Every structure is written in C-alpha cells, then in structure tokens.
Amino acid sequence: MQVKIQLANQLKSLKNSVARLTHVNKFYGEGSVKVKALDDLNLEVFQGDYLAVMGASGSGKSTAMNILGCLDRPTNGKYELNGTAVEKLDDDSLADIRNKELGFVFQQFHLLQEISALENVMLPMIYACIPSIERKKRAEEALTRVGLKNRMTNLPNQLSGGQQQRVAIARAIINQPSLLLADEPTGALDSKTTEDVLNLFDQLHNQGITIVLVTHEDTVAQRAKKIARFKDGKVIEISQN
Ligand SMILES: Nc1ncnc2c1ncn2[C@@H]1O[C@H](COP(=O)(O)OP(=O)(O)O)[C@@H](O)[C@H]1O
Ligand SMILES: [Mg+2]
C-alpha cells in the first residue's frame with residue numbers, strides 16, 4: 001500500500017501541470033445576444049506537452065487560447081497557471097504573468113512594422129526590465145536559433161511570411177515562457193513554409209518547451225503529441241499521436 005502511494009506520487013510529480021482549466025464557462029454579450037463560447041471546459045496542459053487543439057469554427061478554440069494566454073478571464077470556473085489562480089488576479093498582475101510565463105504566436109504574425117526583426121524580438125525583454133546589452137545578445141541568439149542570423153536588421157515587410165513567423169516565434173520564446181500558445185500559426189503560410197515552421201516547433205518541443213497549437217489542418221495536428229478536439233465550447237476527445 002505504502003509503495004503504491006509512493007509510486008503514485010512519483011508519477012504525479014513527473015507530470016507537472018503547467019495550465020489547468022477547471023469547469024470554465026465563458027459568455028460573450030448579454031440578454032438576447034448572449035453567447036456561450038465555453039461550456040464547462042476542462043483542460044490540462046502538462047510540462048513538455050505538445051498539444052494540438054482542433055474543432056469546427058466557433059467551437060471555442062480561440063476563446064480557450066485567450067484564457068490560457070491571460071488575454072481574457074473566464075466568466076466562471078478556475079484557471080491555474082503553474083499553481084497560480086489566474087482568475088483572481090488584477091489586470092497588472094495578469095499583464096505581468098503574460099510577459100513572464102507566456103509566449104504567443106498568431107496567424108498574422110503581429111510584428112511591429114516600423115522596427116527591425118531584432119527590435120521586435122527585444123521588445124518583451126524591455127517590459128521584463130532586462131538591461132539593453134543583454135536584450136540584444138539574447139535577441140540575436142534567438143534569431144540565430146530560428147535560422148534568421150542574416151536577417152536581423154530587416155524590417156518585417158522585407159521578410160517573407162515564413163521568416164516573419166519565425167521572428168514572431170523568436171519573440172514568443174525570448175523570455176523562456178512556461179507555455180507557448182500558437183493560434184493557427186501556419187494559417188497564412190504555404191505548404192513549404194508551413195513545414196519549416198512545424199520543424200521549428202518540433203525543435204522547440206524537443207528542447208522542452210510546452211506548446212499548445214490551434215489548427216484546422218490534420219497534417220499540422222499530426223505533428224503534435226496529443227490532440228484535443230473541441231465541440232460547442234468543450235473538449236470532447238483527447239487522443240495521443
Ligand atoms: N468577442 C466576442 N464577442 C461575441 N462573441 C464572440 C466573441 N469571440 C467569440 N465569440 C463567439 O464565441 C464562440 C466561440 O468563438 P471562438 O472561440 O472564436 O471559436 P473558434 O476559435 O473555435 O472559431 C463563437 O460562437 C463566436 O461567435
Ligand atoms: Mg479561432
């Protein structure tokens with residue numbers, strides 16, 4: 001009995017929970033236009049996971065990602081990020097946790113157009129109060145890591161879509177987030193560039209980064225280790241790849 005309990009505890013500690021959504025509901029609007037975007041959603045992400053989120057348009061994927069990313073709060077229910085009860089935090093603490101714990105990659109890259117690739121990647125470190133010499137060094141390393149050593153001084157519009165997405169990925173990982181969230185990161189890319197970006201995600205996953213990626217493409221989802229299928233604001237199935 002004792003041994004069994006010890007073993008169970010050991011197994012538990014091997015699978016550290018990074019993000020846990022418990023009985024989460026999210027409503028938009030009021031009265032006759034009220035929409036239930038998440039319906040008693042339960043979802044747990046463990047350290048080192050590479051999880052693809054799939055589901056029809058309107059099934060709540062982006063809403064769940066926004067909550068996981070602390071861009072929005074549940075209407076009710078619990079969200080624990082590395083053991084912190086996020087739903088209880090004020091806006092300042094939420095912004096702080098976003099900067100320290102989370103990295104974001106979006107379909108449309110969301111780079112600032114008037115500054116270089118290097119400066120885009122340095123930005124999150126400004127908010128994290130990292131000295132400028134260190135910022136530059138780390139941004140150069142991150143851009144080298146994503147294969148853009150020779151494109152650092154280019155403006156975003158001087159880069160291809162795939163290169164811009166790699167800058168966005170470098171920016172997303174620069175503060176060593178405990179969770180990397182990507183909402184349709186290959187949605188605006190051709191198949192060759194998609195492959196490059198997915199290879200980069202594989203590499204990050206192998207380096208231990210925890211990734212949650214939304215996609216509607218099977219070929220993209222197959223590259224993840226697990227797939228969570230959403231329907232009507234809840235997870236209806238989790239499968240292993
Ligand atoms: N800001 C919003 N205001 C009102 N309704 C919204 C808003 N965002 C999403 N919704 C609604 O919530 C539901 C879930 O949307 P969403 O999370 O964007 O789904 P998905 O990303 O799976 O397409 C949809 O019915 C959508 O219309
Ligand atoms: Mg969406």
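Let me begin with how elements are named here: helices (H or I, at least four residues) and strands (E, at least two) are DSSP runs, numbered from the N terminus. What we have is a predicted model, in which local features need pLDDT of at least 70 and side-chain atom pairs count only at pLDDT 80 or more, while totals for chains, interfaces and linings use all residues. Residues are numbered from 1 along each chain as its sequence is written, and chains are lettered from A and ligands numbered from 1 in the order in which they are written.

The chain holds eight helices and ten strands, and of its 241 residues 39% are buried, that is, with 20 or more other C-beta atoms, placed from the backbone, within 10 Å of their own.

Turning to ligand 1, the residues around it, meaning those whose C-beta atom, placed from the backbone, lies within 6 Å of it, include Tyr 28, Val 35, Ala 37, Gly 60, Lys 61, Ser 62 and Thr 63. By class this shell has three nonpolar, eight polar and one charged residues. Both β2 (35–46) and α2 (61–68) supply at least two residues of the shell, and α2 gives the most, with three.

Just after α2, finally, Cys 70 takes a positive phi of about 55 degrees.

Notes:
A residue is buried if 20 or more other C-beta atoms lie within 10 Å of its own, exposed if 12 or fewer, and partly exposed in between; C-beta atoms are placed from the backbone. Ala, Val, Leu, Ile, Met, Phe, Trp, Tyr, Cys and Pro count as nonpolar, Asp, Glu, Lys and Arg as charged, and the others, Gly among them, as polar.
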